[in-house]
Amino acid sequence: MSVLIPAKPFAYPLDPGRTALVVIDMQRDFVEPGGFGAALGNDVTRLQAIVPAVAALLALFRKKGWPVIHTRESHLPDLSDCPPAKRGRGKPSLRIGDMGPMGRILVRGEPGNAIVRELAPVAGEVVIDKPGKGMFYRTDAAERLAALGITHLVFAGVTTEVCVQTSMREANDRGFECLLVEEATESYFPEFKAATLAMIAAQGAIVGWTTGLGELSAALD
Ligand code: TIU
């Protein structure tokens with residue numbers, strides 16, 4: 001039976017046996033100085049502020065024993081999965097694959113590619129490495145979620161309008177019921193976060209729902 005979570009644009013019908021948490025790209029590359037986010041010219045300190053909210057969400061799902069999926073945006077060391085168009089967009093001084101202070105920028109296995117310590121995956125949680133912005137593009141996410149019987153996804157992570165929104169749209173097209181937790185997502189651009197939250201819930205939940213961490217926690221307690 002569904003649990004109704006107060007949400008925008010109307011209550012989100014969470015199915016307790018079929019819900020997973022998806023934490024998008026909470027990796028050092030986006031959250032710490034010297035990574036990909038900073039190389040693109042962004043102020044990464046904005047993103048550090050959501051770590052406690054994401055940790056609270058992780059604690060909630062772990063307490064329930066519900067599945068947790070982490071993603072990392074990353075490329076193979078030979079960059080064979082990185083289109084030249086993507087590599088070419090960065091600043092010429094520090095591009096994907098170049099050596100930075102946390103190892104090679106956005107390359108799988110490098111120190112900067114690790115999920116931040118406070119949100120590190122624990123045994124049994126799924127980690128999906130994705131070469132694109134969306135979690136389904138060139139990954140086994142669809143198969144992993146089907147194997148777990150998941151139909152409902154609760155989203156957190158960074159950045160709201162890039163990898164989170166792209167992943168939510170991909171999931172929505174695949175039939176998942178998607179909920180984004182407002183305090184557990186962030187953008188380098190506050191106006192982009194606000195616009196993304198609004199456009200997700202617009203038109204009768206055209207992409208999905210948004211809610212507050214307090215609303216979700218209270219409804220599940
Ligand atoms: N640049 C930016 O806002 N985001 C990304 O490049 N990737 C993710 O959102 N993870």
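Mentor: The secondary structure of the chain comes to 9 helices and 10 strands, where helices (H or I, at least four residues) and strands (E, at least two) are DSSP runs numbered from the N terminus. This is a predicted model, in which local features need pLDDT of at least 70 and side-chain atom pairs count only at pLDDT 80 or more, while totals for chains, interfaces and linings use all residues. Residues are numbered from 1 along each chain as its sequence is written, and side-chain values use heavy atoms, with hydrogens and water left out.

A salt bridge here is a side-chain nitrogen of Lys or Arg within 4 Å of a carboxyl oxygen of Asp or Glu, and by this rule the count comes to 11. For the surroundings of each partner I use relative accessible area, with buried meaning under 20%, exposed over 50%, and partly exposed in between (1.4 Å probe, protein chains only).

One of these salt bridges joins the side chains of Glu-125 and Arg-62, with N and O 2.7 Å apart. This pair links distant parts of the chain, since Glu-125 sits in the loop between strand S6 (103–104) and strand S7 (126–130) and Arg-62 in helix H4 (residues 51–64), 63 residues apart. Glu-125 counts as buried because its relative accessible area is 16%, whereas Arg-62, at 32%, is partly exposed.

A second pair to examine is Lys-133 with Glu-73, whose closest N and O atoms are 2.7 Å apart. Here again distant parts of the chain are linked: Lys-133 belongs to the loop between S7 and helix H6 (141–148), Glu-73 belongs to strand S4 (residues 68–73), and the two are 60 residues apart. Lys-133 has a relative accessible area of 29% and is therefore partly exposed, while Glu-73, with 0% relative accessibility, counts as buried. Elsewhere, salt bridges that share partners join Arg-46, Glu-186 and Lys-193 into one network.

The pair Glu-32 and Arg-28 also forms a salt bridge between its side chains, at 2.9 Å from N to O. Glu-32 is partly exposed, because its relative accessibility is 23%, and Arg-28 is likewise partly exposed, with a relative accessible area of 26%.

The mean positions of the 23 positive and 25 negative charges of the chain are then 3 Å apart.

Along the principal axes, the C-alpha atoms fill a box of roughly 50 × 35 × 30 Å. Of the 221 residues, 51% count as buried. Among contacts (heavy atoms within 4.5 Å) between residues at least 6 apart in sequence, 72% join residues at least 24 apart.

Leu-21, in strand S3, illustrates the buried part of the chain, because its relative accessible area is 0%. Leaving aside neighbours within four places in sequence, the contacts of Leu-21 include Leu-57, Leu-58, Phe-61 and Val-154.

Some backbone details also deserve a check before you build on this model. The peptide bond from Lys-8 to Pro-9 is cis, with omega near 5 degrees, and Pro-9 lies in the loop between strand S1 (3–5) and strand S2 (12–14). The bond from Val-158 to Thr-159 is also cis, with omega near -20 degrees, and Thr-159 lies in the loop between strand S8 (152–158) and helix H7 (160–173). Asp-25, a residue other than glycine, has a positive phi near 55 degrees, and it is found in the loop between strand S3 (19–24) and helix H1 (28–31).

Key: Lys and Arg count as positive and Asp and Glu as negative; His and the chain ends are not counted. The place of a charge is taken as NZ of Lys, CZ of Arg, CG of Asp or CD of Glu.
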